[in-house]
Amino acid sequence: MKTVAILGAGAIGSYFIYCLTEKLGDDLCVVAAGDRAQRLRNEGININGVNYIPNVKTTEEAKGVDLLLVSVKYGALEGCMDDIAEIVDEHTVVLSLLNGVDSEDIIGRRIGYSHMLYSIMKITSERRGNNIVFNPETTPGLFFGELRISEPTKRVQEVMKLFENTQLHYRFIPDILREIWYKFALNVSQNQPQAILNIGFGGYADSEHMGFLRSAFRAEVTAIAAAKGIDISKPQGIEGKSSPTAKRGRYSTLQDLDAGRHTEVDAFAGTVVRMGREMGIPTPYNEFAYHAIKALEEKNDGLFDYE
């Protein structure tokens, strides 16, 4: 493997730009078009105080890269499927870095599951003005593997070789599907109560009520995972490898609301509610969270303001 394309140059995409640019040079590209492509060429991306001018390519120019990193927001994934299909050649490997538990299925159904490696990202980052900030030393980074294959395959080894001698933190995981569900439970139980209550991360330790909500949200995910034959009843895995979070820390869902952006609630509560209905498992806490966060998005959109 030599060439890498990034589709989605937000917080996660920026982590890979930061870590891989020095080694890969022009073999690393960001896929963009129109005004977005022009802004990237003219203004670049500010990451940890350094301005990066990425090698910007269209989908046609990026076609046939060895590795495609999909790091768009969950809500934008469906709109990117034509771009992904255009980029992927018969040998291209795809890593979906999105939150949630079904992005690999969504992409795999379109381009073929044989292209997919399964993965999760662990990074605590924030946007300060036009600067994306994270701590590269404490960022756990990329966890990835093959679905239901516990040993590194040839292509897993090639990906690891590609990432060697870079600042990227990465790890092969034998049971990646369970780790994906651990990460999903973490996002559902910590992002959503915080976003609804508008309270920093320290509230989970200092408020028994906020702690109760975290446990209740997580229990619904645990029940759904168990029905699928995945045991996440004992918090472990990547939940023990999180980035340090300050008491005033705000996870991505609350950061989105702060900035007036739409959140990934469809990937979190929306998925829990949908799967719960399909499997006959009650999910009242996540159903409440879905509608509460959607209402906050509507307020940010200017649909109403009764303060």
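Reply: In what follows, contact means heavy atoms within 4.5 Å, while helices (H or I, at least four residues) and strands (E, at least two) are DSSP runs numbered from the N terminus. This is a predicted model, in which local features need pLDDT of at least 70 and side-chain atom pairs count only at pLDDT 80 or more, although totals for chains, interfaces and linings use all residues. Residues are numbered from 1 along each chain as its sequence is written, and side-chain values use heavy atoms, with hydrogens and water left out.

Me: What is the mean pLDDT of the protein chain?

Reply: pLDDT is the predictor's confidence in each residue, from 0 to 100. The mean for the protein chain is 94, and 97% of its residues reach 70 or more. Over residues 238-242, however, the pLDDT is below 50, and this stretch has 15 contacts in the model beyond near neighbours in sequence. Where pLDDT is low, the predicted coordinates should not be read in detail.

Me: Which residues have the most contacts inside the largest nonpolar core?

Reply: Such a core is a set of buried Ala, Val, Leu, Ile, Met, Phe, Trp, Tyr and Cys residues joined through side-chain atoms within 4.5 Å, where buried means under 20% relative accessible area, exposed over 50%, and partly exposed in between, with a 1.4 Å probe and protein chains only. The largest core here has 52 residues, and those with the most contacts inside it are L68, V70, L77, I84 and W181. Its largest share, eight residues, comes from helix 7 (residues 176-197). Apart from this core lies another, of 37 residues, including Y15, L28, L142 and L162.

Me: How many residues does helix 11 have, and what should they span?

Reply: The expected span of a helix is 1.5 Å times one less than its number of residues. Helix 11 (residues 266-279) has 14 residues, so it should span 20 Å, and its end C-alpha atoms are 18 Å apart, which agrees. Among its buried residues are F268, V272 and M275, and what covers the buried residues of helix 11 includes helix 7, helix 9 (208-227), helix 10 (252-258) and helix 12 (284-300). Helix 11 is followed by G280, whose phi is positive, near 70 degrees.
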